Amino acid sequence: MNSAGGSTLPGLFGIGLGLRVAATPSSTVAFSRPFLSTVGRTALVGGVTLAGQQRGYTSTPEGGAHEVGRLVSSATEKIGLGDNQFAAGGFQLALLGGILAGLRVLGSHALEYLKKRVVVTAEFDSRDESYSWILNWLSDHPYSRDATNFSVSTTIARGAQKLSGEGVGSVQAPYFLPAPGFHFFWYKNRLLWMYRERARPAGATVATAGSPVENITISTLGRSRSILQTLILEAQHKFIERDQSRTVIFAADQYGAWRRTKSRPKRPLETIVMDPELKSYIVEDAKEFFSSESWYAERGLPFRRGILLYGSPGTGKTSFIHALAGELGLNIYVINLSNKAISDSTLSELVADTPSRCLLLIEDVDAAFVQRDSNDASSGITFSGLLNSVDGVSAQEGRILCMTTNHLERLDEALIRPGRVDVRAKFGKATQSQAKELFTKFFPQSVSVSTAHSSAESSKSIDISADKRESDGIEKHVCTQYTPSITRQEAEELAARFAEQIPDQEFSIAQLQGFLMGYKKHPDFAVKNVKEFVRQAGSMEVSGTAKIGYSMDQDINDEEQVWQGNEELQKAQQEFREEKEKARRDSIKQ
Ligand SMILES: Nc1ncnc2c1ncn2[C@@H]1O[C@H](COP(=O)(O)OP(=O)(O)OP(=O)(O)O)[C@@H](O)[C@H]1O
């Protein structure tokens, strides 16, 4: 395009000059016809030679050029300009310019054509998901491990995808990737070359551009693209395999497009402590929904399902949605209604852009819209915009919409009417039996306890005799006498003692879990101190998802150890009050 434009200019110049010369009265111009003809020929010879050199040809095109010069002269004669030396000269210059431009364009097209005949190329753009497949694949390729010119990244985060490195302990393991530029590598005994380049989106400034757009092309000799297709499918397979045991979470970015934000290991449903009937009802309902597309179609019903999960903070609404997604093998698309970058139209585009099998999650839906007329909501979305997006004509079919709220009573009826919300699930505070279940899950019987303790304290604190283990029929792999395990029976007993001290439906699972976190390896001490926790927590205003840091110093190995709750509790209370005050101030500002 540019080269053609560059060559067209001399042509136009030639035409302009030619026309101008032609229009000039003969008395005022003193160039002779042979002179102009010579200029034309020289220009042509020079031009053709130059074009030849640019293309890397070494042979001299002079003979051909003279031939062309002659043709130009005869063309001049033929169209009757032979008598007017100025018009003839101008016409020749114009013709020469045109021929030069034509030759150049022809040359580049010929080269492109030739390239297409002997080289096959696949292109990947960072704005597309396939780019991440290729980066992921490249990061595993031996070439990336040996490349001397490589880039390092802790995530593969281009376009729609973001993958974290595997990590070693708390340190993120980096990805090694071929750096921007040319790279040659082997794949299935074929030589491939890759070109990786970065560019800012057109018109973007440094401040607004965000991450640069990247482009990768992978090429090889030949006309069959099967080798590249094999590579791409392999890369895709590898990528999907990596995600199979994970739930991928997408969120809307500032441009109103879905971006992969993270992936988490699938959360097993068994880790969710809730009414078992409610749990299996929702799971079965969702499974049945996905298997009854034709049923919906036959009745002309939109193929969508809505679930509303409501209840106090920290009762497991979000956790359950993650577990449900894992169970159904779905990814989660999260819409944050307080994202100011999202307007009604971007919201409906986002909803329309979700894949046909996914969980669409809107958390704390009450926070953005309290009543129908709250079109002055703090987000850029209006209430009617939200309603249209979730079940308007453009809304995606085959998805389950999950909404969560802490305040069912604040929601407008229109939002949760049947059709938009088909299942309402209440998540309450922990019953005693749920507290027991939580304890048992937290301290499974086979987990070693008191590893940081001295043998004496440990064996004293949990009296486990070999007989007991054997009578339970469970052979434990006790590494040393210092790391005893608890049997099922012991775990049950401790759990029962723990639960009976928890008042029914007063604490959320998150609160209880927060308490147990302080006793990761000390179930016995958790039981011992739970009474004090209840007494103190009961006397404070517990609300929200405030985390209470009931921690116990891991190094304490004295049997006299005491619960560290008092000081921690006061600190937590103070932090909680500050947080609440900050939230209040923020809401006034908004
Ligand atoms: N029923 C539960 N079963 C298992 N874990 C739970 C449960 N409830 C809460 N938790 C734990 O408590 C923490 C907070 O839970 P989660 O975010 O799911 O609660 P939530 O009801 O969505 O809270 P919020 O309304 O504040 O968003 C998580 O670490 C989760 O593992």
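Modeller: Start with "near": a residue is near a molecule or strand if its C-beta atom, placed from the backbone, lies within 6 Å of it. The ligand is surrounded by 18 residues, and P313, G316, S319, I509 and A510 are the closest.

Colleague: What is the origin of this model, and how are its residues numbered?

Modeller: The model is predicted: local features need pLDDT of at least 70, side-chain atom pairs count only at pLDDT 80 or more, and totals for chains, interfaces and linings use all residues. Numbering starts from 1 along each chain as its sequence is written.

Colleague: Which helices each supply at least two residues of the shell around the ligand?

Modeller: α10 (317–328) and α18 do. Helices are DSSP runs of H or I with at least four residues, strands are runs of E with at least two, and both are numbered from the N terminus. On that count the chain has 20 helices and 15 strands.

Colleague: How does the shell around the ligand divide by class?

Modeller: Into seven nonpolar, ten polar and one charged. Ala, Val, Leu, Ile, Met, Phe, Trp, Tyr, Cys and Pro count as nonpolar; Asp, Glu, Lys and Arg count as charged; the others, Gly among them, are polar.

Colleague: Why is α11 called roughly parallel to α13?

Modeller: Angles under 35 degrees count as roughly parallel, over 145 as roughly antiparallel, 65 to 115 as roughly perpendicular and the rest as oblique. The axes of α11 (residues 344–352) and α13 (residues 383–391) cross at roughly 15° and come within 8 Å. Therefore α11 and α13 are roughly parallel. Axes here are lines fitted to C-alpha atoms, for helices over the stretch in contact; angles run from 0 to 180 degrees between N-to-C directions.

Colleague: Which residues of α11 and α13 meet?

Modeller: D344, L347, S348 and V351 in α11 meet G385, L386, N388, S389 and V390 in α13. That contact holds four nonpolar, four polar and one charged residues. Contact means that the C-beta atoms of two residues, placed from the backbone, lie within 7 Å.

Colleague: What makes α5 roughly perpendicular to α7?

Modeller: The axes of α5 (residues 129–140) and α7 (residues 226–244) cross at roughly 85°, coming within 8 Å. That value falls in the perpendicular band, so α5 is roughly perpendicular to α7. On the α5 side, S132, W133, I134, N136 and W137 meet E234, A235, Q236, K238 and F239 of α7. The classes are five nonpolar, three polar and two charged.

Colleague: How do you know that W137 is partly exposed?

Modeller: A residue is buried if 20 or more other C-beta atoms, placed from the backbone, lie within 10 Å of its own, exposed if 12 or fewer, and partly exposed in between. W137 has 19 such neighbours, so it counts as partly exposed. Leaving out residues up to four places away in sequence, W137 touches E234, A235 and K238. Its C-alpha lies 8.9 Å from that of I232, 95 residues apart in sequence.

Colleague: Why is K188 called exposed?

Modeller: K188 has 9 C-beta neighbours inside 10 Å, so it counts as exposed. It sits in the loop between β6 (181–187) and β7 (190–199).

Colleague: What is the phi of K188?

Modeller: Near 50°, a positive value in a residue other than glycine. Most residues other than glycine have a negative phi. Q505 also has a phi near 50°.

Colleague: What makes Q505 partly exposed?

Modeller: Its 14 C-beta neighbours inside 10 Å, so Q505 counts as partly exposed. Q505 lies in the loop between α17 (488–500) and α18 (509–517).

Colleague: How do you know that A414 is partly exposed?

Modeller: A414 has 14 other C-beta atoms within 10 Å, so it is partly exposed. A414 is in the loop between β14 (399–405) and β15 (423–427). Its C-alpha is 9.7 Å from that of S384, 30 residues apart along the chain.

Colleague: What share of the chain is buried?

Modeller: 31% of the 590 residues.
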